[in-house]
Amino acid sequence: MGTEPLTTSVTLRIDRALFSRLQAHLFPGDSDEHGAVIAVGVAESAAGTRLLARELFLARDGVDYVPGEFGYRALSARFVAETSNYCRVRNLGYLAVHCHGGSNQVAFSGDDLGSHERGYPALLAVTNGGPVGALVFAQNAVAGDIWTVDGRRPLKRLTVIGPHTRDLYPEPGDAPSYISPIYQRHSLLFGSAGQEILSGLKVGIVGLGGGGSLLNEWLSRLGVGHVVAIDRERLDHTNLPRVVGASRRDCAAWLQERRWSWLRRAGQRLARRKVDIARDVATRAKPDIIYERIFGDIADEHVARRLTDTDFIYLATDNIQSRLVFNALVQQYLIPGAQVGVKVLVDSLARRVANITTATRSVLPGVGGGCLVCQEVVPSDSLQEEALDDDERQAQRYVEDPEVHAPSVITLNVLSAAQAANDLMMMFTGLYDDDVKMTQHLNFVGSRQLKEFAPLAHESCIWCGTMDHAKYACGDRARLPCRQKPS
Ligand SMILES: [Zn+2]
Ligand SMILES: [Zn+2]
């Protein structure tokens with residue numbers, strides 16, 4: 001546990017595979033009560049505490065879930081002891097789960113709350129501060145009573161992450177608040193409820209060059225309410241043809257285009273930061289947008305941590321370390337994301353373009369969600385990254401950085417970014433069903449062929465897998481693969 005008191009809300013995130021296993025167990029159609037335990041990682045931020053579902057233990061009826069001394073049924077003492085010990089050993093929190101009848105509304109019974117008060121103070125001690133707590137489900141609702149060393153809090157909501165990413169609450173929410181009439185044509189597609197969901201989203205964009213600047217413009221026009229933009233570069237005059245919103249004045253082009261290198265360097269120092277240009281573009285599209293500009297690199301932990309409370313992350317830069325950190329954020333913190341990129345291979349002997357490929361890789365948490373390490377988009381050497389000392393790490397870093405001097409054209413960036421932008425809109429407004437396959441899209445531009453690839457998955461992956469050593473859903477309780485010292 002951190003030393004910060006938990007003064008803010010507690011939420012829970014779960015990936016759809018785990019959630020459907022849980023739902024099938026709780027609601028097999030017999031209208032009876034059933035039980036389970038979820039082991040959770042924890043992520044703390046200024047926005048509150050996120051619990052992250054990592055492992056599910058289904059209680060067998062009549063064996064692990066038995067007639068209760070006080071209430072109707074209860075988890076057996078042995079099941080509680082075994083599962084809470086599992087959580088203690090792995091430094092995870094413990095949530096006991098059961099279901100009630102009903103569909104859109106649910107609350108704990110007096111017996112439920114009484115059993116929490118009898119059991120959870122001791123369980124908190126056993127699990128080294130947990131958190132511990134309970135969830136009660138109806139078909140489309142969930143309530144939670146979460147105990148931490150700093151006090152007891154209700155669960156604000158549960159977010160199910162998948163092609164249809166959605167929130168469950170204890171009871172139906174209020175009708176959407178006022179939605180600006182400028183979004184009338186949006187509402188015809190996904191309702192004012194959809195627009196309200198978009199305005200409640202916090203989205204990270206890593207890299208505000210060609211692909212990232214397009215995403216930045218589109219997301220702000222879409223009505224996304226909060227953007228965290230990360231880029232460590234100032235505008236170079238060679239960026240002008242593809243950075244949305246950039247002008248010659250922004251890059252001090254009159255200096256950057258001089259013959260004398262000292263004038264060019266002065267121009268580079270005077271040029272505006274890409275995140276500042278992106279902020280201008282976003283606020284023109286949506287004046288009330290909350291916009292965080294970070295002039296930095298997600299390879300640095302203090303920068304990466306600014307993304308741990310986002311709802312979605314775009315990776316639009318193309319070096320190995322940022323891919324590794326992005327992938328870790330998705331898996332460790334259960335935040336869906338997408339990587340966009342363009343690769344142009346030039347045959348330098350024949351002096352011709354050999355291949356142009358644009359890629360849109362959606363990356364959802366969990367096995368088969370598109371983990372970049374399983375896809376081998378992150379070379380396996382970088383898996384040893386953490387074993388390296390700082391100097392070795394330094395030597396290995398940025399050996400491959402395809403964006404440097406690679407061919408780059410805005411029309412190619414559009415091909416990879418457009419699908420990724422649309423995916424966010426479809427996922428959060430409920431226009432995708434949960435069974436939509438989030439395949440990888442590769443566009444072989446030269447032959448005008450769009451191909452889909454099913455994501456690869458390795459059960460033993462240390463990021464997306466659920467083996468003991470995997471960092472999946474561990475949140476703050478595992479280290480991010482960032483460099484030790486800020487650059
Ligand atoms: Zn109950
Ligand atoms: Zn993986």
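Ser-213, Asn-216, Glu-217, Ser-220 and Arg-221 of α5 meet Ala-278, Val-281, Ala-282 and Ala-285 of α8, where two residues are in contact if their C-beta atoms, placed from the backbone, lie within 7 Å, and where helices (H or I, at least four residues) and strands (E, at least two) are DSSP runs numbered from the N terminus. By class, this contact of α5 with α8 has four nonpolar, three polar and two charged residues; Ala, Val, Leu, Ile, Met, Phe, Trp, Tyr, Cys and Pro count as nonpolar, Asp, Glu, Lys and Arg as charged, and the others, Gly among them, as polar. The model is predicted, and local features are reported at pLDDT of at least 70, side-chain atom pairs only at pLDDT 80 or more, whereas totals for chains, interfaces and linings use all residues. Residues are numbered from 1 along each chain as its sequence is written, and chains are lettered from A and ligands numbered from 1 in the order in which they are written.

The axes of α5 and α8 (residues 274–285) come within 8 Å and cross at roughly 20 degrees, the axes being lines fitted to C-alpha atoms, for helices over the stretch in contact, with angles running from 0 to 180 degrees between N-to-C directions. Helix α5 is therefore roughly parallel to α8, since angles under 35 degrees count as roughly parallel, over 145 as roughly antiparallel, 65 to 115 as roughly perpendicular and the rest as oblique. The crossing of α5 and α8 is right-handed; a crossing has this hand if the near helix is turned clockwise from the far one by less than a right angle, and is left-handed if anticlockwise.

Helix α5 (residues 210–222) also packs with helix α12 (residues 410–428), at an angle of about 40 degrees and with the axes 9 Å apart, and the two helices are therefore oblique to each other. The crossing of α5 and α12 is right-handed. Gly-210, Gly-211, Leu-214, Leu-215, Trp-218, Leu-219 and Leu-222 form the α5 side of the contact, and among the residues of α12 that take part are Ile-410, Asn-413, Val-414 and Met-425. The contact of α5 with α12 comprises 11 nonpolar, four polar and no charged residues.

The domain assignment gives domain 1 (10–168) and domain 2 (184–233 + 273–453), with bounds that come from an automatic or database domain assignment. The centres of the two domains, taken over C-alpha atoms, are separated by 33 Å, and their contact takes 15 residues from domain 1 and 16 residues from domain 2. On the side of domain 1 that touches domain 2, β1 (10–15), α1 (16–26), β2 (35–45) and β3 (48–58) each supply at least two residues, and the residues of this side divide into six nonpolar, four polar and five charged.

Several loop residues were also examined. Phe-27, in the loop between α1 and β2, counts as partly exposed because 17 C-beta neighbours lie inside 10 Å; a residue is buried if 20 or more other C-beta atoms lie within 10 Å of its own, exposed if 12 or fewer, and partly exposed in between. Phe-27 touches Cys-99 and Gln-139, not counting residues up to four places away in sequence. In the loop between α3 and β7, Asn-128 has a positive phi of about 55 degrees although it is not a glycine, and with 11 C-beta neighbours inside 10 Å it counts as exposed. Leu-334, in the loop between α10 (320–333) and β15 (337–347), likewise has a positive phi of about 55 degrees but counts as buried, with 27 such neighbours inside 10 Å.
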